[in-house]
Amino acid sequence: GEVERSADQHAGDGADQVVVSEEQHEDRRHDQGVDDPLAHQPLPRHRSTAVPTHCRQCYHQRRGGSNRRSGTIALVRVGILTGGGDCPGLNAVIRAAVRKGERVHGDEIVGFLDACDGVQERRTIPLSIESMRGTLPRGGTVLGTRRGSPFDTPDGVARVQQTFSDLALDGLIVIGGNGSLSIACKLHADFGLPIVGVPKTIDNDIVGTDTTFGFNTAVQIATDAIDRLHTTAESHDRVLVVEVMGRHTGWIATHAGIAGGATAVLIPELPFDLDELCARLARRHDRGRFASIVVVAEGAEPRPGTLDVGEREIDRFGHVRLGGIASRVAHEIGSRTGFETRVVQLGHIQRGGTPTAYDRVLSTRFGVGAIDAVHDRRWGTMTVLRGEQVEYEDLTVAVGRTRTVDMQLFDGVAEHYFA
């Protein structure tokens, strides 16, 4: 049966509870400025389309007033979404915007799940310093992400406008690549929605900023892979063809090729000639170097008439589906030279995992810059890196344009070390 406890034991429990309570209070004060290893609470994936309870507080009661003379606004409700492909550093941007918004300005931050779908369907979660603890080193995005646009359906924009109204949003931070920023630009320019952009992509192809967060991490992952591949290639006297991401630019391929000591790098900016590549590999083998690494950007193209790559598949968003060019290149190298050749396709491993220290810092700076832009009413702009400074650029600069590899870097530096 149960053992009866004495009154003294119960009294002792009460004293322990007081001590624990005081310790917990002290821990909470300490934790205000410290990240836990993991976030305390899971982030839900689905919510109803009703106005969320955390967004029902009266809009006019929330407003902390505005300083019209300086053009800044005080206490606000800000929405945040992540769109397009995932990228290391997304959570760091969200965390930074939330921390400064809540701690410095007293803002209320609303996270939209699954990019623009969440805005149209009004699927949200409240974001706070507490809920974002432990997310700085975490890859992916706690908000989820999708491709797609409110312009894909007849009532999409109207639903976005209704969400702004029903949730009393003062502004929206859109973290995304070329596609998401183009959508954000159109929503602001054509419909007057208060939007600030944050450029993200591992491809580093957004015009207006010197670099994007996620790129450094992707390059490091690719470089680490190339370093490992050197040893196995040398052990078997093989040519290894490594395919990396980058869409229609060769930033990852160029930087990883230089850093990893590749024999050759094929990028979309310069259509390649297989005869020339094979001759380069043959000369290298003639010098006694029987192992070679060829880095190929997924969007690399052969010179017209030199290699049949077949019909390119188009996805449901109208984009060319890339990937697989390394297999064609490897097959041709093997058949033309007789060298044993293998293919390594890094794929989505370049997007996953923890961001590098550089990307964590850049993401944090972009997040702080985004929430500052909201309070300064810099609608229709995005945070960018110019040299070492975070500045702002009009969203229109990035629309419909692609930032290609600096050919001075490729011709002036890379080419001297390849082969």
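## Charged pairs and a buried threonine

Lys100 is partly exposed, because its relative accessibility is 24%. Keep in mind that this model is predicted. Lys100 forms a salt bridge with Asp372, and their closest N and O atoms are 2.9 Å apart. Since Lys100 sits in helix H3 (residues 90–103) and Asp372 in helix H11 (residues 357–375), the pair ties together parts that are 272 residues apart in sequence.

In general, side chains of opposite charge can pair when their charged atoms come close.

| Salt bridge | Closest N and O atoms |
|---|---|
| Lys100 – Asp372 | 2.9 Å |
| Glu340 – Arg238 | 2.9 Å |
| Arg386 – Glu391 | 3.3 Å |

How exposed are the partners in the other two pairs? Glu340 is partly exposed at 33% relative accessibility, whereas Arg238 is buried at 19%, because buried means under 20%. Arg386 is partly exposed at 28%, and Glu391 is partly exposed at 32%. Elsewhere, a network of salt bridges links Asp114, Glu121, Arg123 and Arg146.

Now for the threonine. Thr249 is found in the loop between strand S8 (239–244) and helix H8 (251–260), and with 0% relative accessibility it counts as buried. A polar atom of the Thr249 side chain lies 3.0 Å from the backbone oxygen of Gly246. Beyond its neighbours within four places in sequence, Thr249 is in contact with residues including Asp203, Pro268, Ala297 and Thr404. Thr404 is 155 residues away from Thr249 along the chain, yet their C-alpha atoms are separated by 5.5 Å.

Methods. Residues are numbered from 1 along each chain as its sequence is written. This is a predicted model: local features need pLDDT of at least 70, side-chain atom pairs count only at pLDDT 80 or more; totals for chains, interfaces and linings use all residues. Side-chain values use heavy atoms; hydrogens and water are left out. Helices (H or I, at least four residues) and strands (E, at least two) are DSSP runs, numbered from the N terminus. Buried means under 20% relative accessible area, exposed over 50%, partly exposed in between (1.4 Å probe, protein chains only). Contact means heavy atoms within 4.5 Å. A polar contact is a pair of N or O atoms within 3.5 Å; within protein, one must be able to donate a hydrogen and the other to accept it, and residues adjacent in sequence count only if both atoms are side-chain atoms. A salt bridge is a side-chain nitrogen of Lys or Arg within 4 Å of a carboxyl oxygen of Asp or Glu.
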